Amino acid sequence: MPGLPAQLDTPRLHLRPIRPDDAAAVFASWVRDPRVTRFLTWAPHPDLATTRAYVADRIATPHSRTYVLQDRRGGGLLGAIDLRRPAPHRIGFGYALAPSAWGNGLMTEALRAALAWVQAQPDLWRMGDLCDADNHASARVMEKVGLRREGVLRRWAVHPALGPAPRDCISFAWARD
Ligand SMILES: CC(C)(COP(=O)(O)OP(=O)(O)OC[C@H]1O[C@@H](n2cnc3c(N)ncnc32)[C@H](O)[C@@H]1OP(=O)(O)O)[C@@H](O)C(=O)NCCC(=O)NCCS
């Protein structure tokens with residue numbers, strides 16, 4: 001897609017667009033795990049067919065690209081990061097990582113590479129997104145990358161694992177001065 005990177009590389013990861021033949025590895029690695037979806041808008045995938053449909057949807061969604069995080073040493077798929085360009089001047093994102101890979105700075109590394117790409121595009125003025133107010137791991141990723149905490153959006157999103165009531169979310173962003 002024009003307007004989003006074709007791929008990104010970090011010291012430990014190769015980020016490339018998700019493909020239909022990734023579905024089995026994605027299902028096995030993170031999308032069926034309730035620890036991953038705790039603070040997300042979607043439920044764990046019950047079967048591979050759901051993951052196949054998810055991958056097809058990610059590929060078809062305009063102004064958006066989902067990159068799998070491929071381990072540069074072993075080649076396995078560790079997680080994914082979505083980059084979205086809902087308006088020409090700004091980027092939003094979302095991410096999830098297999099729990100076995102948590103705590104090693106990998107998503108921080110991936111998001112840092114995405115931010116560096118954004119900052120190198122003169123027509124992009126902002127990169128930011130939200131996390132559940134209790135999702136401390138995600139908030140730390142955004143803080144460590146250097147996004148600024150902008151404030152709390154009350155009752156912003158429903159995260160079904162935590163109940164039907166919309167949850168408070170925190171907005172983090174980088175913006176060009
Ligand atoms: C959010 C997420 C992508 C972070 O990825 P990561 O590569 O583990 O991130 P980091 O290693 O940089 O760690 C970030 C924070 O996670 C927390 N963390 C570290 N190890 C952890 C572990 N084993 N279990 C849970 N949280 C842990 C710490 O708060 C850490 O901050 P610190 O570096 O100041 O200690 C990952 O936890 C995840 O996939 N969560 C589920 C999906 C999700 O919530 N996505 C974000 C939606 S907004």
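The points below take the nonpolar cores and then the salt bridges.

1. This is a predicted model, in which local features need pLDDT of at least 70, side-chain atom pairs count only at pLDDT 80 or more, and totals for chains, interfaces and linings use all residues. Residues are numbered from 1 along each chain as its sequence is written, and side-chain values use heavy atoms, with hydrogens and water left out.

2. The largest nonpolar core has 33 residues, of which Leu111, Met127 and Leu147 touch the most other members; such a core is a set of buried Ala, Val, Leu, Ile, Met, Phe, Trp, Tyr and Cys residues joined through side-chain atoms within 4.5 Å. Helix H4 (106–119) is among the elements that give two or more residues to this core, and H4 gives the most, with eight residues.

3. Leaving aside neighbours within four places in sequence, Met127 is in contact (heavy atoms within 4.5 Å) with residues including Leu111, Leu147, Phe172 and Trp174.

4. The whole structure holds 14 salt bridges, each being a side-chain nitrogen of Lys or Arg within 4 Å of a carboxyl oxygen of Asp or Glu. Arg72 pairs in this way with Asp9, the closest N and O atoms being 3.9 Å apart, and the two are 63 residues apart in the chain.

5. Asp129 and Arg84 form a salt bridge at 3.4 Å, N to O; Asp129 lies in strand E6 and Arg84 in strand E4, so the pair ties together parts 45 residues apart in sequence.

How values were computed. Buried < 20%, exposed > 50% of the residue type's maximum accessible area, 1.4 Å probe, protein only. Helix = DSSP H or I, 4+ residues; strand = E, 2+ residues; numbered from the N terminus.
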